[in-house]
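Subject: Structure handover

Hello,

Please look through it first; my notes come after it.

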Amino acid sequence: MNIAPSLLAILPYPQIDPIAISIGPLAVRWYGLAYVTGIMIGWWLARRMINTLKLWPNNHTPITEKHLDDFLVWAALGIVLGGRIGYILFYDLDPVLENPMVALEIWRGGMSFHGGLTGATLAMIIFARRNGLPVWMLFDLVASVAPIGLFFGRIANFINGELWGRISDAPWAMQFPTGGPFTRHPSQLYEAGLEGIVLFVLVQVVGRSGALKTSGTVSGVFICGYAMARIFVEFFREPDAQLGYLLGGWLTMGMVLSMPMFLLGVWAIWRAQTASVQRT
């Protein structure tokens, strides 16, 4: 491509301070606020959903508001620990091996969705078993609200000026502070739109159309939808510098991790539909 046009940013990158509030040595970052906001809005919507009994099998769900209140801590720990461990293992292990304290620097970014999903899934399984809840029903409930957190997380990536896209001369391309003298795809916003807004509408429409009565369907739709959105955006997103392309100048780690995720989602939908047929 012609690099010359990309030297002039057509849309200026909004210089937003990553620190939202600073009181003396205490600094509250947008990154942390994004996670808290996503979890709290998801918790609020999940409470409304469990009180809408017509959505659930036999117009009943054993998941109560108290269960959701207690699960908040489990969800936060699963997302943060899984996300951070996943990022280290999949994307950036060497610096942590050299200095283990780097693993604690989550305010600098470095969270993996696939790791966060794994951590959250383990938290849901353990919580459901401890409380005698149907695990697939809890999966579906969390999947119905999870895109809210994805939206705020990607907006935080944009504010941090991280995970930017490949070089582009598109009219909406931006020059990011850490992205060199070139304009790039604002791929964080692409992901916020697809993984957040579009996926949220999809799982809500599917769930409220009767799919929540077939436990596992909404979870499968969420997993498949995220995988497809992520693979698509990876064609516009610059791969992590320490990894680069894994094959042929196009295959990225995000794609590799999302491919089996898509198959898992298909299996979840198949399992749910098969179980529904057997019951009837």
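Below is what was found, taken topic by topic.

Please keep in mind that this is a predicted model.

Cavity

The count comes to one cavity of 30 Å³ or more. The volume of the largest cavity is about 70 Å³. Its lining is made up of Tyr91, Arg230, Glu234, Arg237, Glu238, Pro239, Asp240, Leu243, Gly244, Thr252, Met253 and Gly254. Two elements, helix 7 (217-234) and helix 8 (253-279), each give two or more residues to that lining. Sorted by class, the lining has five charged, four nonpolar and three polar residues.

Helix 4 and helix 7

Helix 4 covers residues 113-131, and its axis comes within 13 Å of the axis of helix 7, with a crossing angle of roughly 170 degrees. Angles over 145 degrees count as roughly antiparallel, so helix 4 is roughly antiparallel to helix 7. On the helix 4 side of the contact are Phe113, His114 and Leu117, and these meet Phe222, Tyr226 and Arg230 of helix 7. By class, this contact has four nonpolar residues, one polar and one charged. Arg230 belongs to this contact and also lines the largest cavity.

The C-alpha atom of Gln175 is 6.9 Å from that of Pro12, although the two residues are 163 apart along the chain. Gln175 has a relative accessibility of 32% and therefore counts as partly exposed, given that this class runs between 20% and 50%.

Leu163 is in this loop as well. Its phi is near 55 degrees, which is a positive value in a residue other than glycine. With a relative accessible area of 24%, Leu163 is partly exposed.

Loop between helix 1 and helix 2

Asn58 sits in the loop between helix 1 (30-50) and helix 2 (65-90). Phi of Asn58 is also positive, near 55 degrees, and Asn58 is not a glycine. The relative accessible area of Asn58 is 76%, so this residue is exposed, the cut-off for that class being over 50%.

Regards

Technical notes
Residues numbered from 1 in each chain as written. Predicted model: local features only at pLDDT ≥ 70, side-chain atom pairs only at ≥ 80, totals over all residues. Heavy atoms only, no water. 1 Å grid on protein atoms, 1.4 Å probe; cavity = no way out; pocket = protein on both sides within 12 Å on 5 of 7 lines; lining within 4 Å. Points joined across faces, edges and corners; volume = space filled by probe spheres on them. Helix = DSSP H or I, 4+ residues; strand = E, 2+ residues; numbered from the N terminus. Nonpolar A, V, L, I, M, F, W, Y, C, P; charged D, E, K, R; others polar. Buried < 20%, exposed > 50% of the residue type's maximum accessible area, 1.4 Å probe, protein only. Axes fitted to C-alpha atoms, helices over the stretch in contact; angles between N-to-C directions. Parallel < 35°, antiparallel > 145°, perpendicular 65-115°, else oblique. Contact = heavy atoms within 4.5 Å.
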